[in-house]
Amino acid sequence: MEKMSEYAETIEIYCIDSWEGGLEHKENWNMDTVEQVFEHNMRLAIQQFPRTTLFKCKGYSHPKMMELLVEGKKGYFDFVYVDGSHEAPDVLLDALLAHQLVRVGGVIAFDDYLWSPKSWNEADHYLLVKPAVDSYVNTYQRKVSVIQSLPTYQLYVVKIAE
Ligand SMILES: C[S@@+](CC[C@H](N)C(=O)[O-])C[C@H]1O[C@@H](n2cnc3c(N)ncnc32)[C@H](O)[C@@H]1O
């Protein structure tokens with residue numbers, strides 16, 4: 001937010017999360033506590049950056065992103081950070097919907113691009129972020145440009161065409 005407020009008078013942030021956890025959270029995380037911490041952090045952030053509006057969108061990413069599109073927010077966002085479900089089919093649709101929501105010239109970031117719950121030589125590709133992101137980037141090769149020279153654990157792309 002601090003960085004964003006250097007570039008814009010007012011900031012809107014939409015946070016979509018089911019607060020149910022992904023497969024990687026099922027055993028060790030209390031997602032009610034995670035949601036309470038989020039609420040707490042939201043209150044602090046609004047106090048510190050009063051020109052920021054934060055929207056908490058509780059639910060699954062696909063319907064929530066579709067709702068934003070139905071509301072007319074196609075090309076509305078400067079930046080979309082994808083860090084929800086790590087199952088490849090979920091990530092693939094997150095990527096396609098993010099492409100619709102971000103403006104030309106905007107950035108989509110994929111966290112955990114190189115995450116794997118198992119070592120890479122025994123990884124189950126269904127449970128990886130990378131194959132889904134690669135599929136999006138390869139298919140949209142004339143519409144996105146990968147930002148090079150960044151650490152590769154995450155992947156950042158610029159949308160260059162609808
Ligand atoms: C790896 S955590 C990241 C959370 C947050 N981005 C952060 O860095 O603190 C993944 C989050 O995605 C949420 N999640 C998992 N599958 C989801 C889905 N299909 N739709 C929305 N949220 C989902 C989980 O509840 C969890 O909070």
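Residues are numbered from 1 along each chain as its sequence is written, and side-chain values use heavy atoms, with hydrogens and water left out. Because the model is predicted, local features need a pLDDT of at least 70 and side-chain atom pairs count only at pLDDT 80 or more, while totals for chains, interfaces and linings use all residues.

**Helix H1**

Let's begin with H1, which covers residues 31-48. Helices (H or I, at least four residues) and strands (E, at least two) are DSSP runs, numbered from the N terminus. How far apart are the end C-alpha atoms of H1? They are 25 Å apart, which agrees with the 26 Å that its 18 residues should span at 1.5 Å a residue. The expected span is 1.5 Å times one less than the number of residues.

At the start of this helix, a side-chain oxygen of Asn30 comes to within 2.9 Å of the backbone nitrogen of Asp32. This is a polar contact, meaning a pair of N or O atoms within 3.5 Å; within protein, one must be able to donate a hydrogen and the other to accept it, and residues adjacent in sequence count only if both atoms are side-chain atoms.

Which residues of H1 are buried? They are Met31, Glu35, Phe38, Met42 and Ala45. Here buried means under 20% relative accessible area, exposed over 50%, and partly exposed in between (1.4 Å probe, protein chains only). Looking down the axis of H1, you would find its buried residues within an arc of 80°, so they line one face of the helix. The arc is that of the directions from the helix axis to the C-beta atoms.

The buried residues of H1 pack against strand E1 (11-17) and strand E2 (52-58), with contact meaning heavy atoms within 4.5 Å. On the other side of H1, Asp32, Gln36, Arg43, Gln47 and Gln48 are exposed.

**Salt bridges**

How many salt bridges does the structure hold? There are 10, each one a side-chain nitrogen of Lys or Arg within 4 Å of a carboxyl oxygen of Asp or Glu. Here are some of them.

| Pair | N to O distance |
|---|---|
| Lys56 and Glu35 | 2.6 Å |
| Lys58 and Glu35 | 3.0 Å |
| Glu67 and Lys64 | 3.7 Å |

The pair of Lys56 and Glu35 links distant parts of the chain, strand E2 and helix H1, 21 residues apart. Lys58 also lies in strand E2, so its bridge to Glu35 in H1 ties together parts that are 23 residues apart in sequence. Glu35 is buried, with a relative accessible area of 12%, whereas Lys56 is partly exposed at 28% and Lys58 is partly exposed at 45%. Glu35, Glu39, Lys56 and Lys58 are linked in a network of salt bridges.

**Helix H2**

Glu67 and Lys64 sit 3 residues apart in helix H2 (residues 61-70), separated by about one helical turn. Glu67 is partly exposed, at 40% relative accessibility. The buried residues of H2 are His62, Met65 and Leu68. Seen down the axis, they fall within an arc of 125°, so they line one face of the helix. Their cover includes E1, strand E3 (77-82) and helix H3 (88-101). Just after H2, Gly72 takes a positive phi of about 95°.

**The ligand site**

Which residues come nearest to the ligand? Of the 16 residues around the ligand, these are Asp17, Ser18, Gly21, Ser61 and Asp83; a residue counts as near if one of its heavy atoms lies within 4 Å. A nitrogen atom of the ligand is 2.9 Å from a polar backbone atom of Ser61. A polar side-chain atom of Asp83 lies 2.7 Å from a ligand nitrogen, and a backbone N or O atom of Ser85 lies 3.3 Å from a ligand nitrogen.

**Two single residues**

Ser116 belongs to the loop between strand E4 (102-110) and H4. Ser116 is buried, at 17% relative accessible area, and its side chain reaches the backbone oxygen of Lys118 at 2.5 Å.

Val137 is found in helix H4 (residues 130-139) and is buried at 14% relative accessibility. Leaving aside neighbours within four places in sequence, Val137 is in contact with Val144, Val146, Leu155 and Val157.
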